[in-house]
Amino acid sequence: MQAITAGLVLSEVDCQSVSGATLTVAPGEVVGLSGASGAGKTRLLRAVADLDAHGGNIRLDGCDQQSAPAHAWRRRVTLLPAEAAWWYPRVGDHFPEAPAATDLQALNLPPDLPQWPVTRLSSGERQRAALLRALAHGPDALLLDEPTANLDAATTLRVEAWLLRRIRADALPTLWVAHDLAQIARVASRHLRVRDGRLEVVA
Ligand SMILES: Nc1ncnc2c1ncn2[C@@H]1O[C@H](COP(=O)(O)OP(=O)(O)OP(=O)(O)O)[C@@H](O)[C@H]1O
């Protein structure tokens, strides 16, 4: 059998809360990940991003995580945590170049957002700005931890549409954690659940 070389491939990954996680996410595919609070979803994403110690094998487009320097892997495999950190005072200083007006508009963010101090951002604005920032750095795979948790229903749908366009255009294999199962049904081609320390197929 020919080895799969494209996409994000997890083989028997063991981390703090999950054992034997095996999964392939194709380029441009979204796999939804659900599970009870504390089940281990974030821990699994952190292992895939090489932020936590773990066992097993993780590859991206044939490149083995263990053979890549951690900082290089994390630049390619971007984890968007539920609460992203901001380290410069101004929003725009976190972007390699000014965000496109069309992206700001698609995310219902103001055109002068780059000039805003980070402290001015509401939690929902902060979450959308973090998404924009994550994509601005040109990742090769995305790990999204409840990316719309702070958003109202209408904005959630806007963000989902924008994210799906970007994921497909850039062929990003994506793991998308959500508690909202209706969201997983909307955005993901497959749905997996973390339960009792294992990854199980829901749909
Ligand atoms: N640094 C840590 N040291 C020890 N245990 C931890 C650490 N961080 C998280 N845990 C524990 O690991 C388990 C899984 O946590 P995780 O954050 O992955 O859950 P989750 O499924 O993402 O939950 P939620 O839906 O509430 O965000 C929890 O019981 C949590 O308390």
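User: Which residue in E8 is the bridge partner of leucine 33?
Analyst: The partner of leucine 33 in E8 is valine 177. Strand E3 (residues 30-35) and E8 pair in the parallel sense over 4 bridges, where two strands count as paired if DSSP finds at least two bridges between them. Helices (H or I, at least four residues) and strands (E, at least two) are DSSP runs, numbered from the N terminus.

User: Before we go on, what should I know about the numbering and the origin of the model?
Analyst: Residues are numbered from 1 along each chain as its sequence is written. This is a predicted model, in which local features need pLDDT of at least 70 and side-chain atom pairs count only at pLDDT 80 or more, whereas totals for chains, interfaces and linings use all residues.

User: And what are the confidence scores?
Analyst: The mean pLDDT of the protein is 95, and 98% of its residues reach 70 or more; pLDDT is the predictor's confidence in each residue, from 0 to 100. The ipTM is 0.93 and the pTM is 0.94.

User: Is E7 buried or exposed, and why?
Analyst: It is buried: 5 of the 5 residues of E7 are buried, so the strand is largely enclosed by the rest of the structure. A residue is buried if 20 or more other C-beta atoms lie within 10 Å of its own, exposed if 12 or fewer, and partly exposed in between, with C-beta atoms placed from the backbone. Ala141, Leu143 and Asp145 point one way from E7, while Leu142 and Leu144 point the other way. E8 is likewise covered on both faces, with Thr174 and Trp176 buried on one side and Leu175 and Val177 buried on the other.

User: What does leucine 175 touch?
Analyst: Leaving aside neighbours within four places in sequence, leucine 175 is in contact with Val25, Val31, Leu33, Leu45, Val48, Leu143 and Leu144, contact being C-beta atoms, placed from the backbone, that lie within 7 Å.

User: Which members of the largest nonpolar core touch the most others?
Analyst: Val48, Leu143, Leu175 and Trp176 do, in a core of 53 residues; a nonpolar core is a set of buried Ala, Val, Leu, Ile, Met, Phe, Trp, Tyr and Cys residues joined through C-beta atoms within 7 Å. Helix H4 (residues 123-136) gives the most to this core, with 6 residues.

User: Changing topic, which residues are around the ligand?
Analyst: They are Gln16, Ser17, Gly35, Ser37, Gly38, Ala39, Gly40, Lys41, Thr42 and Arg43, where being near means that the C-beta atom, placed from the backbone, lies within 6 Å of the molecule. By class this shell has 1 nonpolar, 7 polar and 2 charged residues, with Ala, Val, Leu, Ile, Met, Phe, Trp, Tyr, Cys and Pro counted as nonpolar, Asp, Glu, Lys and Arg as charged, and the others, Gly among them, as polar. The largest share, 3 residues, comes from helix H1 (residues 41-48).

User: How many residues of H1 are buried?
Analyst: 7 of its 8 residues are buried, so H1 is largely enclosed by the rest of the structure; the buried ones are Lys41, Thr42, Leu44, Leu45, Arg46, Ala47 and Val48.

User: What is the strand order in the open sheet?
Analyst: The order is E2-E1-E4-E5, with antiparallel pairing among the 4 strands. Strand E2 (21-25) and strand E5 (63-64) stand at the edges with a single partner strand each, so one side of each is left without a neighbour in the sheet.

Key
Contact = placed C-beta atoms within 7 Å.
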